[in-house]
Amino acid sequence: MRYNRLYKDNNFLTPTTYTQELSEYAESLKYEDLPPEVVERAKMIMLQTVGAALAAKGTPIYDKIMKMAREANGGSGGDTTVWGSGEKLAAVNAALALGTTTDALDWEDCSWTGHPSAGIIPCAWLAAEERHKSGKDLICAIVAGYEVYQRIAMAVQPSDERWKKKGWGLTSWQIFGCILPIAKLYGFGSRKINQAIGMGCECSTLPVAYHATTMSDFYHYEHGYRARDGFVIAKAVEKGIHNQRDALDEPRCYTGVICGDDGSNGSGETTIRSGEADLTWLTRDLGKRYLIMETLLKHWPANMWVQTPVELIKDLAEKHGFGPDDIEEIVVDPPVKGRMWAPDEGFTSVTHAQFSIPFVIASWLRDHHPGAHWYTAEKMKDPETIALAKRVKFGDSPEESPMSSFKMFREERGYPMKTVTVTLKDGTRYEGKMDCHPGHPRNMMSRKEFSDRFRIQAAPALEGEKLEKVLETLCNIESVEDIASLAGLLG
């Protein structure tokens, strides 16, 4: 039995086939059909994400998740390799580790809907390594993951009112970014991909983001849990699951529920509504418009809305030669709601610090080399860093909401204009303005810039000739015949 329906203006029309269309797209996508710019973007996202994971090596989050993954694995051993450590684990447990570490420093991507690369890249790489797939297969799976994930995520984005009341559960739809590349690399036909999507709907987390209230580092672990679940689901489907198809077409399963409406009118009949879900997003411009090209890549290890002010400070400091001791005040205008804190006692978690414009600005001014060392317990409570962060002030404009800025990002393809004004102790004043910082789709970094950033990111795990070899290999991954042959490269 198939439970697919189409809703328009609250009237039942004809059965829909969104889930199957997405599944057929993922199955049929071929490397040879991808435009060169899409291939290049997939490779640079991969480079950035691998770098973000390597940058986290040695941090408390990295060490803890490695212990968890090793315990779940029953010790070392398996078909796949954890980046940074070189340790072998089963794919499901390696995914738990890498999904967490790729997000640990908040240094990967940011689409309109979350951090898809934290699931797509490690899951695609591990599945390719496990099944001895080629670099071309890997790239194709990455693109398939982005195109399907982003459309499902957009279909269930909450309204502004619901977001204010309930929060924004970005790790709920993260699971689809994990499932799709694995299913593609496991060679699933459209029927099995359809089933895997259905299992993802039922295994999705609640559509909330409590970490945004508590500033808990569990936020980073959630990405690892979704990556692990992607493998658990794919392996269950591979071994055989009956039914469980067309879940995106059934509002009582996922789309209506996550948007606040279960589709029931109390009479046992299915209503014609699917809550706030915009199901037209599920197949909108599928195969024509590559949403992977509209993903933002972060230049700094920090929250998305911290990027532009830090970039402006870097540009002004490099141009005019001032340092932290010269600064009387820094004004950010408009300020971003929930991103301007600088508590007297310092920061209570990595996430707490990553979401602070004042802290990240102060960290850059005191140390021009970004990395995990910005977020040690000592640095997050360092009196001099906190004192400098407190010199970062609100501008006169009303605070911007991160979600309203996300709306601008996805609907207008733009970005909020920011002004940073620096006043030195001698009264000199400098001002800079910027909207689309490096890494924004309208100001994307070049391959050289990505490579330079990778060298900084990968430094905790790689050095010298080995680092350069890894960089060259990742930039030319399409020439690799078997990803498993690279097992020792990222250790």
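Which residue in strand 10 stands opposite Thr 419? Thr 419 faces Lys 433 there.

The model is predicted, so local features need pLDDT of at least 70 and side-chain atom pairs count only at pLDDT 80 or more, while totals for chains, interfaces and linings use all residues. Residues are numbered from 1 along each chain as its sequence is written, and side-chain values use heavy atoms, with hydrogens and water left out.

**Confidence**

The mean pLDDT (the predictor's confidence in each residue, from 0 to 100) of the chain is 92, and 94% of its residues reach 70 or more.

Where pLDDT is low, the predicted coordinates should not be read in detail.

**The sheet**

Helices (H or I, at least four residues) and strands (E, at least two) are DSSP runs, numbered from the N terminus. Four strands form an open sheet in the order 8-7-9-10, with mixed pairing (two strands pair if DSSP finds at least two bridges between them). Strand 8 (392–394) and strand 10 (429–434) are at the edges with a single partner strand each, so one side of each has no neighbour in the sheet. From one strand to the next, the twist averages 20 degrees. Strand 9 (residues 418–424) pairs with strand 10 in the antiparallel sense over six bridges.

Helix 13 (residues 307–320) packs on the sheet and touches strand 7 (327–333), strand 9 and strand 10. The direction of helix 13 makes about 135 degrees with that of strand 10; axes are lines fitted to C-alpha atoms, for helices over the stretch in contact, and angles run from 0 to 180 degrees between N-to-C directions. Helix 15 (residues 357–366) also packs on the sheet, touching strand 7 and strand 8.

Glu 147 lies in helix 6 (residues 135–155). Glu 147 is buried (under 20% relative accessible area), with a value of 1%. The Glu 147 side chain reaches the backbone nitrogen of Leu 291 at 2.8 Å, a polar contact (a pair of N or O atoms within 3.5 Å; within protein, one must be able to donate a hydrogen and the other to accept it, and residues adjacent in sequence count only if both atoms are side-chain atoms).

Definitions and conventions. Buried < 20%, exposed > 50% of the residue type's maximum accessible area, 1.4 Å probe, protein only. Contact = heavy atoms within 4.5 Å.
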